[in-house]
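Let's take a walk through this structure together, one piece at a time.

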Amino acid sequence: MSDVVHPVPVTTEPRGVRFLVILLVLSLVAVLLLAPLAAVFSEALADGLPAALQALAQPDARSAIGLTLLVAVITVPLNAAVGIAAAWAIARFDFRGKAFLVTLIDLPFSVSPVVAGLALVLLFGSNSTLGGWLITHDMRIVFALPGIILATLFVTFPFVARELIPVMIEQGRAEEEAALTLGASGWRAFRTVTLPNIRWALLYGVLLCNARAMGEFGAVAVVSGKIRGETTTMPIMVEMLYNEYLATAAFSLAAALALLALVTLALKSLLEWRHADLLAATRRH
Amino acid sequence: MNIDIEDLTKSFGAQTALHPVSLTIPSGALVALLGPSGSGKTTLLRILGGLEIPSAGRVRFDGQDATGLRVQDRRAGFVFQHYALFRHMTVFENIAYGLRARPRRSRPTKAEIDRRVLRLLDLIQLPDIGPRYPSQLSGGQRQRVALARALAIDPRMLLLDEPFGALDAKVRKDLRQGLREIHDSTGLTTVFVTHDQDEAMELADVVVVMSMGRIEQVGPPVELRSRPASRFVEMFLAR
């Protein structure tokens, strides 16, 4: 058989269709994802790199960057720990109200962040009983760091749990049980068997959680009171600078925020690339 | 080690998995728990291994009450239905897991662990697969690795849940022989769960026929065939 009658395997689409689909996706990605990013960076660098860096070095900008990093450093580990616990409970045990708990975990996805922020103000603000008591005891929640952290925790709560639950359900209990029968303590089984099995899902959940924690605007805007240099996180500072027509400063800070997100993405890709062998080997057999 | 099971019951919520069952497994026996799915055989095995807590009744190991004994302290070598090998560890690490998990004072030295893992790899006749991952093994190889991992903790008994369930016919026959040989050379009290009557009749010294959470009959294969105690046993063995 020297002449090939069907150069295209019967299972693939005609070349033209494939080309069109790929082109469609690429152009959508370009318009929706790449163009805005490029616009932010070009606007930030419109007056040159030194001007952009100088804008970032302003005390208010530096304090905003510091605050955003601080909030992420506190909320991400907390939500990772609670997310693991929640996913563990849901995937491994049967208990009353489990379906309700799953719905509850999703709540922050469906509630507008502004509403969440307002709820926190109502709960802890000076007009509430609890808030009044807290203020007389010199504990400030609203318009201070604790409020920002609470708001961020609320908004980013589902990310880790949502990533882990399907993975843990799919993997089942057998490997953990095997570890126990071999004499491992519950903690050792968790550390040496459960955690390695969920690490990619966990990493992905943590990265999403981190991105949202640093980028959250609505809920934080309400509870923070936008006190310049004190309770302004990066996204809020960006908005304030933009409203004050300080384009270079606003876009420099926005570009820095985008860079933080890009760094986390790059980190994830790097890890995946370096552990590609192990990833392939540990796929479900 | 001999195992005494006295009036053991287990319910999951409103569902009863085991009605009171009593059974004595003599030391060194190779016993099959045989029955259709839902007969309670896996529940019974998991109770012996400490993975389920019975609702009532007692389990004794060598006369000593073991009903509330922690799973870690039972020294029961457990082979899971789909083997449950640790997929992120090599075969060597899988087999060494139980030894490394021991408290420091009773943990063997690194050299001793190496030696014992290699000996177990020899025992299951797969001396060269130590560096491989479970996903790179065939079904039969995985089953033997799971057996080696269970044997590594120097168990007092061997519990196997459908050990041949996921294998094709040819491999099944070979591994049945393999399990018989390992049982005979270690002398371990061995209990395995199966729904395949050929497997139970060919391999076990004693077959326990179960149905709907009850034990229908206990006896050597020949006796079950010649004198089935109930219509169910007769029907099930005749399939």
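Is Glu163(A) buried or exposed? Glu163(A) counts as buried, because 23 other C-beta atoms lie within 10 Å and the cut-off for that label is 20 or more. If you set aside its neighbours within four places in sequence, Glu163(A) is in contact with Ala201(A), Tyr204(A) and Gly205(A). For a sense of scale, Glu163(A) and Gly117(A) are 46 residues apart along the chain, and their C-alpha atoms are separated by 25 Å.

Before going further, please keep in mind that this is a predicted model. The model scores are ipTM 0.93 and pTM 0.83. Chain B has an average pLDDT of 93, and 100% of its residues score at least 70.

Now step back to look at chain A as a whole. The domain assignment divides it into domain 1, residues 1–44, and domain 2, residues 48–281. Taken over C-alpha atoms, the centres of domain 1 and domain 2 of chain A are 34 Å apart. How many residues of each domain take part in the contact between them? Five residues of domain 1 of chain A meet seven residues of domain 2 of chain A. On the domain 1 side, the touching residues are four nonpolar and one charged, with no polar ones.

Next, follow chain A to the place where it touches chain B. This contact draws on 19 residues from chain A and 21 residues from chain B. On the chain A side, helix H9 (174–181) and helix H10 (186–215) each supply at least two residues. Which element gives the most to that side? H9(A) does, with seven residues. By class, the chain A side is made up of nine nonpolar, six polar and four charged residues.

Crossing over to chain B, look for the open sheet. Four strands of chain B make it up in the order S2-S1-S4-S5, with antiparallel pairing. The strands S2 and S5 of chain B are its edges, each pairing on one side only. Strand S1 of chain B, residues 3–12, is joined to S2(B) by seven bridges, and the two run antiparallel. One of the residue pairs to find here is Ser11(B) with its bridge partner in S2(B), Thr16(B).

Val21(B) counts as buried because 22 C-beta neighbours lie inside 10 Å. Apart from neighbours within four places in sequence, the contacts of Val21(B) are Ile5(B), Leu8(B), Leu44(B), Arg214(B) and Ile215(B). Val21(B) and Ala84(B) are 63 residues apart in sequence, with 28 Å between their C-alpha atoms.

Two backbone angles elsewhere in chain B deserve a look. Most residues other than glycine have a negative phi. Arg75(B), however, is not a glycine and still has a positive phi of about 50°. Arg75(B) belongs to the loop between strand S5 (64–65) and strand S6 (76–79) of chain B. Tyr83(B), also not a glycine, has a positive phi of about 75°, and lies in the loop between S6 and helix H2 (91–100) of chain B. What are the surroundings of these residues like? Arg75(B) counts as partly exposed because it has 17 C-beta neighbours inside 10 Å. Tyr83(B) counts as buried because it has 26 C-beta neighbours inside 10 Å.

The last stop is helix H4 of chain B, residues 139–152. Its 14 residues reach 20 Å from first C-alpha to last, close to the 20 Å expected at 1.5 Å a residue. How much of H4(B) is covered? It is mostly covered, with 11 of its 14 residues buried. Among the buried residues are Arg142(B), Arg144(B) and Arg149(B), along with Val145(B), Leu147(B) and Leu151(B). The buried residues of H4(B) pack against S6, H2, helix H3 (110–123), strand S7 (157–161) and helix H5 (169–186) of chain B. Just after H4(B), Asp154(B) takes a positive phi of about 55°.

Methods. Residues numbered from 1 in each chain as written. Chains lettered and ligands numbered in written order. Predicted model: local features only at pLDDT ≥ 70, side-chain atom pairs only at ≥ 80, totals over all residues. Domains from an automatic or database assignment. Contact = placed C-beta atoms within 7 Å. Nonpolar A, V, L, I, M, F, W, Y, C, P; charged D, E, K, R; others polar. Buried ≥ 20, exposed ≤ 12 C-beta atoms within 10 Å, placed from the backbone. pLDDT = per-residue confidence, 0-100. Expected span 1.5 Å × (residues − 1). Pairing = 2+ DSSP bridges.
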